[in-house]
Amino acid sequence: MIHTRRIRWYQAPLWKHLTEVEDCRAVEIAHRRWGKDEIVLGATNQRMHQRVGTFWHCLPEYGQARKAIWEAVNAHTGKRRIDEAFPPETRARTLNQEMFIELQNGSTWQCIGSDRYDATVGAGPVFIAYSEWALANPSAWAYHRPMLEENGGGAAFITTPRGRNHAQAIYLRFKEMSQTNPRYFAEISSIIETGALTPAQLEETLAEYVAIYGEDVGRAQYDQEYLCSFNAAILGAFYAREMVAVRNEGRIDPTLEAIPGQPVHRAWDIGVRDDTSIWWFQVVAGQLFILDC
């Protein structure tokens, strides 16, 4: 029995890809309250009925999976997330301690954490959903990918941006691949595109962020959480606002090379509890050119 659910119009492309492409590779960069986990959990349930196998839902941390998925209650329905995704009447057994569900047809689903990815050796999954991928350990995908390739399985990455990190990298890669390979799907869904919140709600949200974090960081947080900006300043980051301005003004040139005949200087930050940083730069005619770091 496949559990039916209501799909919002802006969720339909991801849903279609996850339920129709067995060896899919999908990434959804979406704003808060988009319904990312609900859609992926529902699609996982459908896939479990289409193909008997092992299915995982991976959060950045194992403990987070229990709070965000296993024990979470839908505020609109009063039902647990897992009961909506996998109705109890369709299950053969449920193991609370292991956050494990087995359906009557033999398919199994389990919550795992990217912080403990090496504990999943030899399991042979056929589908993995990575929730809050921008906060996860990217090594988990490097470890799991060969398993899925061997089994012809699928993977979904759902997240809100957290700067220009591995989440942006996988989006750009999947976006490029989707132009020629139908197994790939990549989408960015901002609040402007979905219209999930009213203008009044968005105005109130922005005002609250600004009141808490200040004008610059508050707007950056809003841009990140609702406009899905990879360039938004990360809360607590040094020179975050300045780096956003540098990118927005087009002052980063990937083709920049050292000017011949001019000395190249180095500045060192010797790492003790963190990495050593070395900057290469030139100062020519009063201009500063940062060559590498």
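Strand β1 is largely enclosed by the rest of the structure, because six of its six residues are buried. Buried means under 20% relative accessible area, exposed means over 50%, and partly exposed lies in between, with a 1.4 Å probe and protein chains only. Helices (H or I, at least four residues) and strands (E, at least two) are DSSP runs, numbered from the N terminus.

A word on the source. This is a predicted model, in which local features need pLDDT of at least 70 and side-chain atom pairs count only at pLDDT 80 or more, while totals for chains, interfaces and linings use all residues. Residues are numbered from 1 along each chain as its sequence is written, and side-chain values use heavy atoms, with hydrogens and water left out.

Back to β1. Its side chains point two ways: Arg25, Val27 and Ile29 to one side, Ala26, Glu28 and Ala30 to the other. All of them are buried.

Which strands flank β1 in the sheet? Strand β1 (residues 25–30) runs parallel to β7 (residues 154–159), and five bridges join them. Two strands pair if DSSP finds at least two bridges between them. Along this pairing, alanine 26 stands opposite alanine 156, and valine 27 stands opposite phenylalanine 157. On β8, the sense is again parallel, over six bridges. Here the bridge partner of valine 27 is alanine 186.

Contact means heavy atoms within 4.5 Å.

Next, alanine 167. This residue sits in helix α6 (residues 166–178). Is alanine 167 buried or exposed? It counts as buried, at 1% relative accessibility. Leaving aside neighbours within four places in sequence, alanine 167 is in contact with Ile29, Trp133, Ala134, Thr159 and Phe230. One of these, Ile29, is among the buried residues of β1. Aspartate 275 is 108 residues from alanine 167 in sequence and 22 Å away in space, C-alpha to C-alpha.

Strand β9 (residues 265–269) and strand β10 (residues 277–284) pair in the antiparallel sense, over five bridges. Arginine 266 stands opposite tryptophan 280 in β10. Strand β10 also runs antiparallel to β11 (residues 287–292), again joined by five bridges. In that pairing, phenylalanine 281 stands opposite isoleucine 290. The hairpin of β10 and β11 has two residues between the strands, and alanine 285 in this hairpin takes a positive phi near 55°.

Most residues other than glycine have a negative phi. Methionine 99 is not a glycine, yet its phi is near 50°. Methionine 99 lies in the loop between β3 and β4 and is buried, with a relative accessible area of 0%. Glutamate 132 has a positive phi of about 55°, although it too is not a glycine. Glutamate 132 is placed in the loop between β6 and α5 (139–151). With a relative accessible area of 14%, glutamate 132 is buried.

Last, the cysteines. How many disulfides does a search of the whole structure find? The count is zero. A disulfide is a pair of cysteine sulfur atoms within 2.5 Å. Cysteine 58 is in no disulfide, and its nearest cysteine sulfur is that of cysteine 111, 9.5 Å away. For cysteine 111, that distance to the closest cysteine sulfur is too far for a bond. Cysteine 58 counts as buried, at 1% relative accessibility. Cysteine 111 counts as buried as well, at 1% relative accessibility.
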